[in-house]
Amino acid sequence: MDVLQIIKDKMQRDKKYRPKIGVMGGTFDPIHFGHLVTAESAREKFELDCVIFVPSGNPPHKIHQVVTDKNHRYLMTLLATATNPYFEVSRIEIDREGYTYTIDTIREFEKQFQGRAIFYFITGADALNEILTWKESEILLTSCEFIAAARPGYQKQQLYADIDYLKSNYNGRIHFVEVPSLAISSTDIRFRVKNRLSIKYLLPEAVENYIYKNMLYRENE
């Protein structure tokens, strides 16, 4: 039985139970250990019942960038999270037509959990600078809590200033978590594959093998 079904069964038995669910969105092109360590750190620190990974379908902020086919990104995310019983992967954005927005995803999850779950959206600290440009950002900031993840050495003064601003002006509920493995990036992994450099130990071996088997990130082949 998967963790989401366990949570829903517990909700049926205990009407006062309000699960704490992490939602980690991203293109995951490809998913790597930085994403996984971030999710696990957030799960542990904030005592989340589970973390749902949500590969983006058609992200509006990347319309001018080449993004790998969504089904490849979904399958890589499945492979990367398979060994963690607290991780789930959702097709909610992969299967949605048109552009995919975080507020629509949170609303759909709210319906699935009968409005009783407490959602924590896990994102990179850099995203806080852009969050007010997201669709219905003011509603989103009060619909879920945010966990901003940053690598050691990140400009914390600016981050804390951004958090204070969003809290004061938009009633945002924003937390901070420091994650060493965030130094790994999907951009660097794509570059290394294209240039025949090793990506070993940057991402799960199953994802590494999937990339090579499907010849992802290699141009003109």
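What follows is a working chat about a predicted model.

Biologist: What are the ground rules here?

Modeller: This is a predicted model, where local features need pLDDT of at least 70 and side-chain atom pairs count only at pLDDT 80 or more, while totals for chains, interfaces and linings use all residues. Residues are numbered from 1 along each chain as its sequence is written, and side-chain values use heavy atoms, with hydrogens and water left out.

Biologist: Start with β4. Is strand β4 enclosed or open?

Modeller: Largely enclosed by the rest of the structure, because five of the seven residues of β4 (residues 118-124) are buried. Buried means under 20% relative accessible area, exposed over 50%, partly exposed in between, with a 1.4 Å probe and protein chains only. Strands are DSSP runs of E, at least two residues; helices are runs of H or I, at least four; both are numbered from the N terminus.

Biologist: Which strands pair with β4?

Modeller: β1 (residues 20-26) does, in the parallel sense over five bridges. β5 (residues 145-150) also pairs with β4 in the parallel sense, over five bridges. Pairing needs at least two DSSP bridges between the strands.

Biologist: Which residues face each other there?

Modeller: M24 is opposite I122 in β4. F121 is opposite F146 in β5. From β4 the chain runs through helix α5 (residues 137-143) to β5, a right-handed β-α-β crossover. Right-handed means that, with the strands pointing away from the viewer, the path from the first strand over the helix to the second runs clockwise.

Biologist: New topic, aromatics. How many pairs?

Modeller: Nine aromatic pairs. The rule takes rings of Phe, Tyr and Trp (its six-membered ring) with centres within 6.5 Å; planes under 30 degrees apart are stacked, over 60 edge-to-face, the rest tilted.

Biologist: What sort of pair do F121 and W134 make?

Modeller: Edge-to-face, because the centres are 6.1 Å apart and the planes are at 80°. F121 is in β4 and W134 in the loop between β4 and α5, 13 residues apart. F121 is buried at 6% relative accessible area. W134 is partly exposed at 23%.

Biologist: And Y160 with F176, what geometry?

Modeller: Also edge-to-face, with centres 5.9 Å apart and planes at 80°.

Biologist: Which phenylalanines form a cluster?

Modeller: F28, F53 and F87 form one aromatic cluster.

Biologist: Now R73. Buried or exposed?

Modeller: Buried, at 1% relative accessible area. R73 lies in helix α3, which spans residues 70-81.

Biologist: What does the R73 side chain reach?

Modeller: The backbone oxygen of T27, at 2.9 Å. That is a polar contact: N or O atoms within 3.5 Å, where within protein one must be able to donate a hydrogen and the other to accept it, and residues adjacent in sequence count only if both atoms are side-chain atoms. R73 and F28 are 45 residues apart in sequence, yet 6.1 Å apart in space, C-alpha to C-alpha.
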